[in-house]
Amino acid sequence: MIFTDPLFLFVFLPIALLAFYTVANFLGRNAALAVLFVASIAFYIPYGLFSAILLVAALVVNFVVALAVTFLDESKKSRRRIYLAGQAYNIITLCYFKYKIASLLFGPSAGIMVDIAGIAIPAGISFYTFQGAAFLADAYSRDKNVAQFLGQLRSLRSVGAAFCRYGAFVSFFPQLIIGPITYLSEFNPQTRSKRFLRLDPIDLAVGLTFISIGMFKKVVIADNLAPTVDIIFGAAQVGAEIHPMQAWIGALAYMAQLYFDFSGYSDMALGLARMFGLKLPINFFSPFKANGIIDYYRRWHMTLTRVIARFLYTPLSVAGTRYAMFNRLAPVPAHLLSLWFPMLINFQIIGLWHGALWTFCVFGLMHGLWYALETEVRASKWYKSVKAKASPVILGFLERAVFFLPLLLSLAMFRSESVIGGFHLFSQMFGTSFDARSLFNMREPVMMLTIAFSIIYFCPNSVELMRRYRPAIMTYENKSYGLAIMRGLWRPGWVQASYLSVLVLASLYYVSRQPPFLYQGF
Amino acid sequence: MSDYQAILDQVAEIIRDIFDEYEGPVTMETTANDVAQWDSLSHVRLMVMIEMELGVHFSTSEMQSFKNLGDLVRASAKQKA
């Protein structure tokens, strides 16, 4: 099921809420979390029975491994081996089912192995695998939340209850398919709080607000930009001549489509979780208002940034720095080892995380080089002296101007159907095909883009708008950019409800189309 | 306590060396937010320098879990004990 599906919004969600709060009232925390777990599996089954079996298998394996590493003594060598075997399971299933490694390596000769992997990529596998892997790492490093969450396991019944709690945490449907990738340290304290399980009208009001805003962003804005995007990127793929103006409109339209698609999803995820009294970590915080690529990654898909930094970039950077310092390497090779290589690998993985395509490879390379370069520039004496002298407003404006074009081009590459198609689009954007045949009527897309980019740059984001109700767990501390006059606060009331109704009605008008969220493909 | 002080003094020296623009106090409560130059990159350098100078070893998850210098000093003292 997808969040914008009326069946989900008007049938599944009310039933799940009713079951959750009724069971919570009569049977308590464990039973309520079991309801969430069952509801989440029911939510997932329409994605395919095989995918659902794979999800449950991942839950069982990770749960058993987590129990072992939690209750085995530090001195036992088997503890580390079991932990590594658990993580190997996660990595291998991800590579096998997402990247079709068997068919890549062996081709059709791998027979049944290829057939099994040949099914559609299981929905959400990249997200729940990362969440499960992070949980295992927490269990291995003896994060106190893990032992507390698993509880005392004296009987089979208590093990079953712990499994349901674990299942609810990893497969919680608001975050199962597209994240945010949540840490147990964020989920566990909430489920132990006295507020949890209590039906609070504010939670419902805040939740519905987020759902309405998110749905409007996705169904009305992002999906209405999609046809323009498809035309231009399709034309670029076949090497057609494109009028520069239309090439730019296509690239900008994708930038806005991806933004509103993912932002809309993220809002809906926060809202859905909030209706069950739970807060998710924030995943999206006005990324296009960033002043550079470093700032951007603290605002775009923040929970992926932090999980990859934790498990990949930091260990690589620590190993490189240790090697460089112990061997007293000269500054240039030391920097390559401690910054550039770890950064390039980090972004290559972020790129490939979206799928096994060359366009994602090139996107990862572009962002890796850019991030490392920006890090060097910001650390340089020249930049510091400029920053000390320049007016913050002018510097911020210039930084954003420098940031925009590489971002636009890298996202265009990200969307392209092939690397050649991507470079062809670039050539048309900066080309001279002024007599090319017009591919679409420009009036509507230009109007849509004007509205979309005005919202992006001049409106507060939904978390800022709702900050009075602490709608999300802060992943990174980010400054609120934008005009102070626009930083109004939302309160539940009739006027606000009427605004939201307009958003919902507009969304319902378009909802019959039901294109999937872009991030569902990753 | 005096163990902690001796370690903190050593750490302070390293901090003054790496973050040469920082002139504020270095205490058990000091955090990365207090020092403008202290970003994720320099954090790794700081940790490795402390490992070298103090003869201790931190895992990467430990390096990321220290909330302030106090946590770091206590973890170092535990290893040296």
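Leaving aside neighbours within four places in sequence, A:Met275 touches A:Leu13, A:Leu17, A:Tyr21, A:Asp203, A:Leu204, A:Gly207, A:Leu208 and A:Ile211 in this predicted model. A:Met275 belongs to helix α13 of chain A, which spans residues 244-275. Its relative accessible area is 5%, below the 20% limit, and A:Met275 is therefore buried. Between A:Met275 and A:Leu199 lie 8.8 Å in space, C-alpha to C-alpha, although the two are 76 residues apart in sequence.

Burial can also be followed in helix α11 of chain A, residues 184-192, where A:Leu184, A:Glu186, A:Phe187, A:Asn188, A:Gln190 and A:Thr191 are buried. These buried residues of α11(A) pack against α2 (29-44), α7, α8 (144-150), α9 (156-171) and α15 (302-326) of chain A.

Helix α7 of chain A (residues 125-140) also packs with helix α4 of chain A (residues 77-98), at an angle of about 170 degrees and with the axes 10 Å apart. Because angles over 145 degrees count as roughly antiparallel, this description applies to α4(A) and α7(A). On the α4(A) side, the residues making the contact include A:Tyr83, A:Leu94 and A:Phe97, while those of α7(A) include A:Ile125, A:Phe130 and A:Leu136. By class, the contact of α4(A) with α7(A) comprises 10 nonpolar, 7 polar and 3 charged residues.

The cysteines remain to be considered. A disulfide is a covalent bond between the sulfur atoms of two cysteines. A search of the whole structure finds 0 disulfides over all chains. A:Cys164 counts as partly exposed because its relative accessibility is 21%, and A:Cys459 counts as partly exposed at 27%.

Definitions and conventions. Residues numbered from 1 in each chain as written. Chains lettered and ligands numbered in written order. Predicted model: local features only at pLDDT ≥ 70, side-chain atom pairs only at ≥ 80, totals over all residues. Heavy atoms only, no water. Axes fitted to C-alpha atoms, helices over the stretch in contact; angles between N-to-C directions. Helix = DSSP H or I, 4+ residues; strand = E, 2+ residues; numbered from the N terminus. Parallel < 35°, antiparallel > 145°, perpendicular 65-115°, else oblique. Contact = heavy atoms within 4.5 Å. Nonpolar A, V, L, I, M, F, W, Y, C, P; charged D, E, K, R; others polar. Disulfide = S-S within 2.5 Å. Buried < 20%, exposed > 50% of the residue type's maximum accessible area, 1.4 Å probe, protein only.
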